[in-house]
Structure formats: structure tokens, C-alpha cells
Amino acid sequence: VQDLYGEELMLIQRGWNQSMDILRDDLWQLHPSVNIVDFDFFSLEVYNQCENSSAVLTTIDPWAGIHPLLKVLPVDWDYKISFGLLHSPKPSPAVRRLLDAFQAVYQ
């Protein structure tokens, strides 16, 4: 984590993922030299913002090839992120049915 001191670390907004919120809280409390930059939602604009600045972006391994000019580097942290379905805040009826079906199975 000390490698990030003085750097901008882009983290998705609070409330998007509990695991990211735990990471954020620990960084604020234990590593205040890391400058956290919030963003609302993973989008091409966010990846472009990262690529056009000196910021570091948190992401997950499956998204390693999402932007041709970004490179994903593994970190040696004791943090894990749960991963699930990503969808529009206002899903279509078909996506809503799928989400309802997953929720029924999950419960």
C-alpha cells in the first residue's frame, strides 16, 4: 500500500460494493497519504480518465483487457471483492426477470 502514497487511487463510490467500502475505510484510516478519487460507475469514461492521468484504478482480473492502454497489475493485499451481475440502474423487463430469478435462487 505504501507504493500508493501520494498517488491518486480511483475507487467506485461508497455503497456500490461492501468489499470496496472496507478497503476505502482502511485506506482512509491507516493510509491517509493515498488520495482517493471517487467515481460513480465503471464506464469507458472512467478508464479513459485513468489512462489520461497519473491515477491508479482499482479493478478486477476479468476486466484486464477492457481498455487497450491500461495494464492490470496484481496487488498483495488481504482484500477480496465479491463479484456478481452488473446491470443498468433501470433494467429492462427481461433483465429484471433475470435479476428476480437470481434473487429467488440466492434467498
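In which loop is Leu85 found? In this predicted model, Leu85 belongs to the loop that runs between β3 (56-57) and α3 (93-106). Together with Leu98 and Phe102, Leu85 forms a nonpolar patch on the surface, and the accessible area of these three residues comes to about 300 Å².

The confidence of the prediction was considered before the fold was described. The chain has a mean pLDDT of 88, and 100% of its residues reach 70 or more. Within the chain, confidence is highest in strand β2 (residues 35-39), where the mean is 94, and lowest in helix α2 (residues 44-51), where the mean is 88.

The C-alpha trace spans about 45 × 30 × 20 Å along its principal axes. The 3 strands make up an open sheet, in which the order is β2-β1-β3 and the pairing is parallel; β2 and β3 are the edge strands, each of them pairing on one side only. Strands of a sheet pair through backbone hydrogen bonds, in either a parallel or an antiparallel sense.

Attention was then turned to helix α1, which comprises residues 18-30 and includes Ser19. When neighbours within four places in sequence are left aside, the contacts of Ser19 are with Lys80, Ile81 and Ser82. For Lys80, a polar atom of the Ser19 side chain is placed 3.3 Å from the backbone oxygen of Lys80.

Charged side chains were examined as well, and a search of the whole structure finds 3 salt bridges. Among them is the pair formed by the side chains of Asp25 and Arg14, with an N to O distance of 2.4 Å. Because Asp25 lies in helix α1 whereas Arg14 lies in the loop between β1 and α1, this pair ties together parts that are 11 residues apart in sequence. Helix α1 thus holds both Ser19 and Asp25, the former being in contact with Lys80, Ile81 and Ser82 and the latter meeting Arg14 in a salt bridge.

Definitions and conventions:
Residues numbered from 1 in each chain as written. Predicted model: local features only at pLDDT ≥ 70, side-chain atom pairs only at ≥ 80, totals over all residues. Heavy atoms only, no water. Helix = DSSP H or I, 4+ residues; strand = E, 2+ residues; numbered from the N terminus. Polar contact = N/O pair within 3.5 Å; in protein donor to acceptor, adjacent residues only side chain to side chain. Contact = heavy atoms within 4.5 Å. Patch = residues over 30% accessible without salt bridge, like charges linked within 9 Å, V, L, I, M, F, W, Y side chains within 5 Å. Areas by Shrake-Rupley, 256 points an atom, 1.4 Å probe, with all protein chains shown as cover. Salt bridge = Lys/Arg side-chain N within 4 Å of Asp/Glu carboxyl O. pLDDT = per-residue confidence, 0-100. Pairing = 2+ DSSP bridges.
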